[in-house]
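Please keep the structure open beside you as you go through them.

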Amino acid sequence: CEMPEGYGPLLRMVASYGYIVVAANSVQTGSGTPYPGVKAIDFMLAQNDDPNSKYYQHIDTDKIGAFGHSQGSSATITVANDARVKAVILFNGGTSASKPYLGISGDHDIAGDVPSYKNSVNAAQVPAAWVFFHQIPAAVNGSTTGTTAPGHLTLMMEPERVQDITVAWFDMMLKGKAEAKQMF
């Protein structure tokens with residue numbers, strides 16, 4: 001239900017750490033139809049094999065991650081079933097995935113409270129971690145967007161709160177960086 005630029009600060013931050021970021025622009029991401037993320041992976045891997053592409057042989061095909069927000073998180077759970085995906089992040093939607101995952105939510109989110117969120121993620125059958133943000137603003141710059149569930153929009157309203165942990169998760173899970181593990 002959002003345009004990719006709503007996530008621009010987060011997407012640019014992740015890209016600044018050397019990750020290639022492809023943002024889907026689809027309102028169908030949570031509908032159970034094939035996830036645009038699978039098409040994005042196919043596209044980028046084709047670019048990796050194309051000698052005319054600036055990405056030619058620059059993509060580590062063994063280190064693919066995915067993340068999504070809200071219905072995009074539901075789609076990320078689906079794309080986690082793709083064998084090429086190694087780790088995912090679920091922003092405000094879902095508490096389980098078939099690959100190692102980080103679940104992120106916040107006060108007043110539609111996902112529920114801390115104890116139920118914690119219990120769901122801690123019961124995971126794969127490596128998983130969770131973050132639950134507190135002190136969520138009801139409005140930003142006078143906007144009342146998300147005031148019925150402000151914790152659901154933390155990554156859009158205050159992207160700086162999720163940027164470091166997003167990069168750290170992928171650094172730990174995809175690049176094996178020991179210093180990133182300390183955050184979890």
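1. Let me start with Trp169, which touches Ala87, Val88, Ile89, Pro100, Tyr101, Leu102, Pro127, Ala128, Ala129 and Phe184, leaving aside residues up to four places away in sequence. Contact here means heavy atoms within 4.5 Å. A word on the ground rules: this is a predicted model, where local features need pLDDT of at least 70 and side-chain atom pairs count only at pLDDT 80 or more, while totals for chains, interfaces and linings use all residues. Residues are numbered from 1 along each chain as its sequence is written, and side-chain values use heavy atoms, with hydrogens and water left out.

2. Which residues of the largest nonpolar core touch the most other members? They are Ile89, Phe91, Leu102, Ile104, Val162, Trp169 and Phe170, in a core of 25 residues. Two or more residues each come from helix H1 (8-15), strand E2 (85-91), strand E3 (101-106), strand E4 (128-133) and helix H6 (160-175). H6 gives the largest share, 8 residues. Another core lies apart from this one and has 16 residues, including Val79, Tyr101, Tyr117 and Phe132. A nonpolar core is taken as a set of buried Ala, Val, Leu, Ile, Met, Phe, Trp, Tyr and Cys residues joined through side-chain atoms within 4.5 Å. Buried means under 20% relative accessible area, exposed over 50%, and partly exposed in between, with a 1.4 Å probe and protein chains only. As a general reminder, nonpolar side chains tend to be buried together in soluble globular proteins.

3. Buried positions in H6 are Val162, Gln163, Ile165, Thr166, Val167, Ala168, Trp169, Phe170, Asp171, Met172 and Leu174. After the helix comes Gly176, with a positive phi near 65°.

4. A polar atom of its side chain lies 2.7 Å from the backbone oxygen of Val162. Beyond residues up to four places away in sequence, Thr166 touches Leu10, Val14, Ile89 and Phe91.

5. Ala168 is also found in H6, and its 8% relative accessibility is why it counts as buried. Ala168 touches Ala180, Met183 and Phe184, again not counting residues up to four places away in sequence. Ala168 and Gln182 are 14 residues apart in sequence, with 9.0 Å between their C-alpha atoms.

6. Now the salt bridges, where a side-chain nitrogen of Lys or Arg lies within 4 Å of a carboxyl oxygen of Asp or Glu. The count by this rule is 7. Asp42 pairs with Arg84, the closest N and O atoms being 2.7 Å apart. This pair links distant parts of the chain, 42 residues apart: Asp42 is in helix H2, and Arg84 is in the loop between helix H3 (71-79) and E2. Asp42 is partly exposed, at 39% relative accessible area, and Arg84 is partly exposed at 23%. Asp42, Asp82 and Arg84 are linked in a network of salt bridges.

7. Asp171 forms a salt bridge with Lys177, with the closest N and O atoms 4.0 Å apart. Asp171 counts as buried at 8% relative accessibility, whereas Lys177 is partly exposed at 31%. Please check this pair in your viewer.

8. Finally, the whole chain. It has 7 helices and 4 strands, running α-α-β-α-β-β-α-β-α-α-α from the N terminus. Helices (H or I, at least four residues) and strands (E, at least two) are DSSP runs, numbered from the N terminus. Buried residues make up 42% of the 184 residues. Among contacts with a separation of 6 or more, 48% join residues 24 or more positions apart. The accessible surface comes to about 9,600 Å², with 53% belonging to carbon and sulfur atoms; areas come from the Shrake-Rupley method with a 1.4 Å probe, and for residues only the protein chains shown count as cover.

Note on methods. Polar contact = N/O pair within 3.5 Å; in protein donor to acceptor, adjacent residues only side chain to side chain.
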